Amino acid sequence: MPANLSPEYKAADAAFRAARDPQARLDALREMLRTIPKHKGTEHLQADIKARIKDLGEELEAGRKGGGHGGPTLVVRPEGAAQVALIGPPNSGKSTLHARLTGSSAHVAPYPFTTQFPEPGMLPYEDIQFQLLDLPPVAPEHPVPWLGSTLQTADAALLVVDLREPSCVEQLQAVRSILRTLRVTLAERWPAVDETTAREAARRGDAAQADDPFAVTLPTLLVANKAEDVADLDAELDALRDLTGSAFKACAVSAQTGFGLGGIAPWLFRGLGIVRVYTKVPGHAADRQRPFTVRRGQTVGDVARLVHRDVGRSLRYARLWGASGFDGQQVGPEHQVADGDIVELHA
């Protein structure tokens, strides 16, 4: 039976897909449930929405109580320019990589399944940071039923494999297959590199997922770890792509020696189309310490909403200095910003 979803429901669905804050996502879910047509064709979707509301509500409540009653949190509030999930099979070196990149206290051990719950850490890049989320390994013998929900807020993924592991081809294929059962697709295309600008384009997935609000598609960088002992890295990466039938962008690294790690943050910056915008108060210099971050194609109005939602609602115009205009130019909320722009917001 066709769902015949209402415009109100579709607006709530769009708000849910765009939201990064867990409370905003919960509010959007409740609005989706309120506005969804109640008939047989939407029964499964209604049940799914109710389950998501319950799970997210419990996680937020546990967080407000300090996690004492609900155990470790499975909902990680996104921070920084983007939330990037570290995904991979057992013993691929994810936790070592996470600790090396972020300076976190992620538990590292020579045996598998040492990571049991999400472990966030911040990866610095110039004057911004990316939130890297270390996650339990993905393997048939160790199902993680909550993983799909945790990945709902991610913007991208680093797919970590051990390049020296003889079964790495089978492991990579198993990871993708397991994630598909959780409605998560690891995509080979990146928003900025592959000339798509909207965040939703990166998350929309294939046609089968288009009407599923809980399907997640993550642009993915294949990180071939433990490359310090591999003689011909390019040949090994090409062989891995050929044998798995994938076309992931890839880089070879060593979490132990540090080889190749310096290229990960610049790739995330370019691949996601991150745009840094600095703000200033009239008569004062721009604040160059803490830029607001949006994506390529976003606007002055989007920046204003990041500053404060009331500023976003009342914004009349902005004065702009930078690559997207001439110095001191007056622009409207719809003006697209460029990296390094300075905006002076007038409500």
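In this predicted model, helix α4, spanning residues 94–102, is mostly covered, with seven of its nine residues buried. Those buried residues are Lys 94, Ser 95, Thr 96, Leu 97, His 98, Leu 101 and Thr 102. Just after the helix comes Gly 103, which takes a positive phi of about 70°.

Attention now turns to the nonpolar interior. In soluble globular proteins, nonpolar side chains tend to be buried together. The largest nonpolar core of this model has 34 residues, and those that touch the most other members are Ile 87, Leu 147, Leu 151, Leu 159, Leu 179, Leu 186 and Leu 240. At least two residues of this core come from each of β1, β4, α6 (168–181), β5 (184–187), β6 and α8 (233–244). Helix α6 gives the largest share, five residues. Ile 87 shows how such a residue is surrounded: leaving aside neighbours within four places in sequence, its contacts include Leu 151, Leu 159, Leu 179 and Leu 186. Ile 87 is also in contact with Lys 94, one of the buried residues of α4. Apart from this core lies another, of 28 residues, among them Val 84, Leu 86, Ile 264 and Ile 274.

A further part of the model is built around an open sheet of five strands, in the order β9-β8-β12-β10-β11 and with mixed pairing. Strands β9 (292–295) and β11 (329–331) stand at the edges; each has a single partner strand, so one side of each is left without a neighbour in the sheet. On average, neighbouring strands here are turned by 40° against each other, direction ignored.

With β12, by contrast, β8 pairs in the parallel sense over three bridges, and the bridge partner of Thr 279 is Val 343 in β12. Strand β12 (residues 341–346) in turn pairs with β10 (residues 317–321) in the antiparallel sense, over five bridges. Here Arg 319 stands opposite Glu 344 in β12.

How many of the six residues of β8 are buried? Six of the six are, and the strand is mostly covered. Ile 274, Arg 276 and Tyr 278 point one way from β8, while Val 275, Val 277 and Thr 279 point the other way.

Helix α10 (residues 300–307) lies across β8 (274–279), β9, β10, β11 and β12, and runs at about 140° to β9. Its buried residues are Val 300, Gly 301, Asp 302, Val 303 and Ala 304. These pack against β8, β9, β10, β11 and β12, and also against helix α11 (309–314). The N-terminal end of α10 is capped by Thr 299, with a side-chain oxygen 3.3 Å from the backbone nitrogen of Gly 301.

Finally, the structure holds zero disulfides. Buried means under 20% relative accessible area, so Cys 168, at 8% relative accessibility, counts as buried. Cys 251 also counts as buried, at 18% relative accessibility.

Key. Residues are numbered from 1 along each chain as its sequence is written. This is a predicted model: local features need pLDDT of at least 70, side-chain atom pairs count only at pLDDT 80 or more; totals for chains, interfaces and linings use all residues. Side-chain values use heavy atoms; hydrogens and water are left out. Buried means under 20% relative accessible area, exposed over 50%, partly exposed in between (1.4 Å probe, protein chains only). Helices (H or I, at least four residues) and strands (E, at least two) are DSSP runs, numbered from the N terminus. A nonpolar core is a set of buried Ala, Val, Leu, Ile, Met, Phe, Trp, Tyr and Cys residues joined through side-chain atoms within 4.5 Å. Contact means heavy atoms within 4.5 Å. Two strands pair if DSSP finds at least two bridges between them. Axes are lines fitted to C-alpha atoms, for helices over the stretch in contact, and angles run from 0 to 180 degrees between N-to-C directions. A polar contact is a pair of N or O atoms within 3.5 Å; within protein, one must be able to donate a hydrogen and the other to accept it, and residues adjacent in sequence count only if both atoms are side-chain atoms. A disulfide is a pair of cysteine sulfur atoms within 2.5 Å.
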